[in-house]
Amino acid sequence: MSEPSTAGGVVARQCPVDTSLHSRLRSPDFAANPFTPLGELRERGPVHRCEPPGSSPIWLITRYAEGAAALLDRRLVKDPTAAGLPAGWQPGEGTSQLWSRDLASNDPPHHTRLRRLVARPFTPRRVESLRPGIEQAARDLRERMVKQDTFDLITDFAGGLTTATICDLLGIPAGDRELFQTWGDRFFTVTVPGQADNDLFVAITKYFARLIVRRREEPQDDLLSALIRDTGEDRLDGHELISMAASLLITGHEPGVRLIGNALYLLLRRPEQVQALQEDPTRIPATIREVLRFDSPALTSLVRFAAEDVELGDVVIRRGDAVLVSLVAANRDPARFADPDEFRPSRDTTGHLGFGLGIHFCIGAQLAQLEAEVALRELLPLLPHLRLAVPVDDLRWHPGLQMYGIRDLPVRMAGAESGTPG
Amino acid sequence: MSTRNEARGRQQVDAEQLRGWLVARAARYVRMDAADVDCDLALSQYGMDSVSAVAIAVDLEDTFGVVLDVDTLWKYPTVNQVVEMLLSLRPGVRDQREELR
């Protein structure tokens with residue numbers, strides 16, 4: 001959820017952490033429960049050095065104070081070349097230049113300018129104006145979904161809702177939406193260097209080039225047209241438009257799905273919370289904030305590189321070393337949140353790192369919370385009647401170090417035939 | 001001999017049509033008069049940016065059924081270079097010339 005990035009280098013550099021941890025981080029157990037191993041690391045210390053074979057050291061930060069400090073530290077940069085490193089893996093076939101101008105791949109002063117140009121039209125008012133459309137999409141999806149005996153709250157609901165939302169925001173024609181759902185999912189599944197799905201980068205680049213050209217000729221009332229519009233002042237150039245459109249699409253979809261999915265799975269197992277929300281729906285936004293703290297879809301921050309030697313916690317991070325903040329571990333740091341492993345929507349979640357922190361704070365935070373809020377409102381009456389349609393052990397979790405979240409959530413109505421309730 | 005001449009003649013016509021199509025499309029994207037486009041000048045000199053450059057590659061794909069890299073217009077920056085590349089790439093291009101009109 002934090003820091004949208006399309007820069008493949010980031011994905012590629014999220015290597016396993018140390019040899020002993022390597023297998024655990026790759027295992028399905030870790031995907032389903034990263035909290036235990038990361039909690040053990042956090043107990044041991046704030047910053048952990050790992051030396052993946054054939055790569056420069058990576059430091060994993062597991063405590064809140066050091067994690068927040070790292071996210072705010074301007075010496076930890078996104079651009080590897082600023083840390084004396086090669087440019088790193090990039091999507092090939094000519095897309096690399098076209099994908100490097102997003103918010104997450106750049107540092108000040110470039111980042112400052114890009115962020116300003118995107119934030120200018122991406123206003124709270126624009127986000128709020130999407131609410132009726134999101135509500136309509138949620139109703140339609142629910143009505144269609146419940147016609148089936150068993151259905152999947154993620155593929156049949158959260159995925160469609162998030163796709164509809166980001167497409168509304170960007171102004172992507174309804175006919176193209178299924179394509180986008182597939183793209184977002186595929187992007188976030190790429191976690192290994194060399195496995196980058198180059199066709200995907202190419203397809204997205206070509207798609208947006210053509211859409212931008214169309215919007216230039218016939219502007220609509222959407223964010224893409226607003227980003228294109230020539231106000232006579234500074235504006236995004238062609239590379240930047242493609243980078244922005246692609247990164248907003250991708251980061252606007254998959255993390256949003258995971259947020260809704262994680263929230264629904266939490267609530268399915270907590271009928272008392274569902275009841276409390278039904279009695280007082282104004283608690284929904286606070287509940288979502290607690291989901292963001294407790295079950296953040298952003299497992300780790302995107303990678304940063306030390307542009308100079310940086311003292312952090314009890315270590316010195318050398319110039320060129322990579323740094324990852326475990327947002328999940330920081331959000332469950334007992335030094336920051338009391339009883340961190342308790343899901344408690346009434347708590348003060350201020351400072352949670354689910355959206356990151358500092359200049360790279362997720363630009364879509366408000367939108368993500370809005371769509372999750374609408375999703376919960378729409379499904380709340382349904383939740384008490386839903387049971388898992390598969391054994392808990394059959395649930396699948398998002399692989400890799402980048403995202404934490406349930407991949408599918410098959411359910412059926414209570415009282416319907418077959419199996420024992422999950 | 002006559003066959004070869006005929007083939008060359010057809011090729012020339014095709015090149016002309018391709019060129020005309022490309023000039024028209026480029027002129028539209030950079031918002032200038034097609035008559036002012038010099039086919040031996042890099043289109044970037046007319047202010048064509050990366051969005052339009054990729055869009056032209058996609059337009060070419062759709063029109064001629066070829067598959068092109070997104071950076072085609074970087075590798076072949078002038079209209080004439082693109083035409084030459086397309087003709088060498090795919091003899092079948094001329095069979096689809098109807099789509100040019």
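I read the elements of chain B from the N terminus: α-α-α-α. I count 4 helices and 0 strands there; helices (H or I, at least four residues) and strands (E, at least two) are DSSP runs, numbered from the N terminus.

I note that the model is predicted: local features need pLDDT of at least 70, side-chain atom pairs count only at pLDDT 80 or more, and totals for chains, interfaces and linings use all residues. Residues are numbered from 1 along each chain as its sequence is written, with chains lettered from A and ligands numbered from 1 in the order written.

I looked up burial in chain B: 29% of its 101 residues count as buried (20 or more other C-beta atoms within 10 Å of the residue's own, C-beta atoms placed from the backbone). Among its contacts (C-beta atoms, placed from the backbone, within 7 Å) with a separation of 6 or more, 55% come from residues 24 or more positions apart.

Next, the interface. I find 16 residues from chain A and 12 residues from chain B in the contact. On the chain A side, H11 (198-217) and H13 (238-268) each supply at least two residues. H11(A) gives the most, with 7 residues.

Last, the sheet. I see an open sheet of 3 strands in chain A, order S4-S10-S9, with antiparallel pairing (strands pair if DSSP finds at least two bridges between them). Its edge strands are S4 (150-152) and S9 (386-388) of chain A. I find 3 bridges joining S9(A) to S10 (residues 410-413) of chain A. A:Leu388 has A:Val411 in S10(A) as its bridge partner.

Methods
A residue is buried if 20 or more other C-beta atoms lie within 10 Å of its own, exposed if 12 or fewer, and partly exposed in between; C-beta atoms are placed from the backbone. Two residues are in contact if their C-beta atoms, placed from the backbone, lie within 7 Å.
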